Amino acid sequence: MPSIINVSNLDKTYASGFQALKGVNLDIRRGEIFALLGPNGAGKTTLISIICGLTSPSAGTVSADGYDIVKDYRAARSKIGLVPQELTTDAFETVWATVSFSRGLFGKPADPAHIEKILRQLSLWSKKDNPLITLSGGMKRRVLIAKALSHEPQILFLDEPTAGVDVSLRKEMWEVVRSLRNTGVTVILTTHYIEEAEEMADRVGVINNGEIVLIEEKNELMRKLGKKQLTLQLHEPMQAIPPGLAAYQLALSDDGCEIVYTYDTQRYNNDMATLFNDLSLAGIRFKDLQTKQSSLEEIFVKLVRSTP
């Protein structure tokens, strides 16, 4: 799949001497949902600000849909919609007026049909004449997305799109983001809710200390780095694991009533069949079993901790 954003050898050093980005290379594919994860101060905001033309890079190049963000600033910026984390809107403007005004800022001619389409898509049509001050937090967040889409961008940046939004509204927002992707918009998402990335992203990028630590297909990342555990509840307590089972590196619970096996998900079928056979030969009987797999959050924490 062709890339719509290309970041090459990107550096950013502030006047204080702090280096926020260090040789970042990143390609984002057209039409995907890409989750950019990282702890506070990792460089997420700086990277997004440079791609969106809000901050100048110290070195390196960035292009958006083929346009260099420095040399072809206006063309590149017209391809991008940005939804900031902060709810910065004119409280007394109506929904219709504020979204229409945002379109005009990009030099686009008035297009009431397009504005109506966006508002309907975001379930805002019934609120089009309402002042923003009368809307709920979730509705205001939708207005920010409508503003970002008003000039028909191909790329949409969502910076913490569900911050401060309750669980039910968060799931509604997930559906909105998926529907945008289905219309061909490339979505780049930053979030502190790891389950948000796990739920929606096609690929995941992790940034830490100004460097890209990893970029991977979400499912492949969880398959390769995810840990899966099998817990067997025994019929009778054991004092120790039999020596003949040492190769499995089984862990025995403190009360001797459970055996825990941590295994490679890529070798699941072969390992399980052999393990159960060897347990039977060792005379170990179990009455129940449970499995648990690592979440994306656990993988993320492990990746960040392993970075100097």
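On terms: helices (H or I, at least four residues) and strands (E, at least two) are DSSP runs, numbered from the N terminus.

Quick word on the source. This is a predicted model, where local features need pLDDT of at least 70 and side-chain atom pairs count only at pLDDT 80 or more, while totals for chains, interfaces and linings use all residues. Residues are numbered from 1 along each chain as its sequence is written, and side-chain values use heavy atoms, with hydrogens and water left out.

Back to H1. How many of its residues are buried? H1 is mostly covered, with 7 of 8 residues buried, where buried means under 20% relative accessible area, exposed means over 50%, and partly exposed is in between (1.4 Å probe, protein chains only). The buried ones are Lys44, Thr46, Leu47, Ile48, Ser49, Ile50 and Ile51. Just after the helix, Gly53 takes a positive phi of about 80 degrees.

As for what counts as pairing, DSSP has to find at least two bridges between the two strands. Take strand E7 (residues 155-159) and strand E8 (residues 186-190): they run parallel and are joined by 5 bridges. Ile155 has Thr186 in E8 as its bridge partner.

Strand E1 (residues 3-13) is joined to strand E4 (residues 59-64) by 5 bridges, antiparallel, and Ile5 stands opposite Ala64 in E4. E1 and E2 pair over 7 bridges, also in the antiparallel sense. They make a hairpin with 5 residues between them, and Gly17 in the turn has a positive phi of about 100 degrees. Lys12 has Leu21 in E2 as its bridge partner. Lys12 also lies over the face of Tyr14, 5.0 Å from the ring centre; the criterion is NZ of Lys or CZ of Arg within 6 Å of the ring centre and within 35 degrees of the ring normal. Lys128 does this over Trp125, at 5.2 Å from the ring centre.

Next, packing. A nonpolar core here is a set of buried Ala, Val, Leu, Ile, Met, Phe, Trp, Tyr and Cys residues joined through side-chain atoms within 4.5 Å. Which residues touch the most other members of the largest one? Of its 28 residues, those are Ile145, Leu156 and Leu158. Helix H3 (95-105), helix H4 (112-121), H5, E7, helix H6 (167-182) and E8 each supply at least two residues, and H5 gives the most, with 6. A second, separate core has 25 residues, including Ile28, Leu36, Ile51 and Ile69.

Last topic, aromatics. Rings of Phe, Tyr and Trp (its six-membered ring) pair if their centres lie within 6.5 Å; planes under 30 degrees apart are stacked, over 60 edge-to-face, and the rest tilted. That gives 3 aromatic pairs. In one, the ring centres of Tyr248 and Tyr261 are 5.9 Å apart with planes at 85 degrees, so this pair is edge-to-face. Tyr248 is in the loop between strand E11 (228-234) and strand E12 (251-252), and Tyr261 is in strand E13 (residues 258-263), so the pair ties together parts 13 residues apart in sequence. Tyr248 is buried, at 13% relative accessible area, and Tyr261 is buried at 7%.
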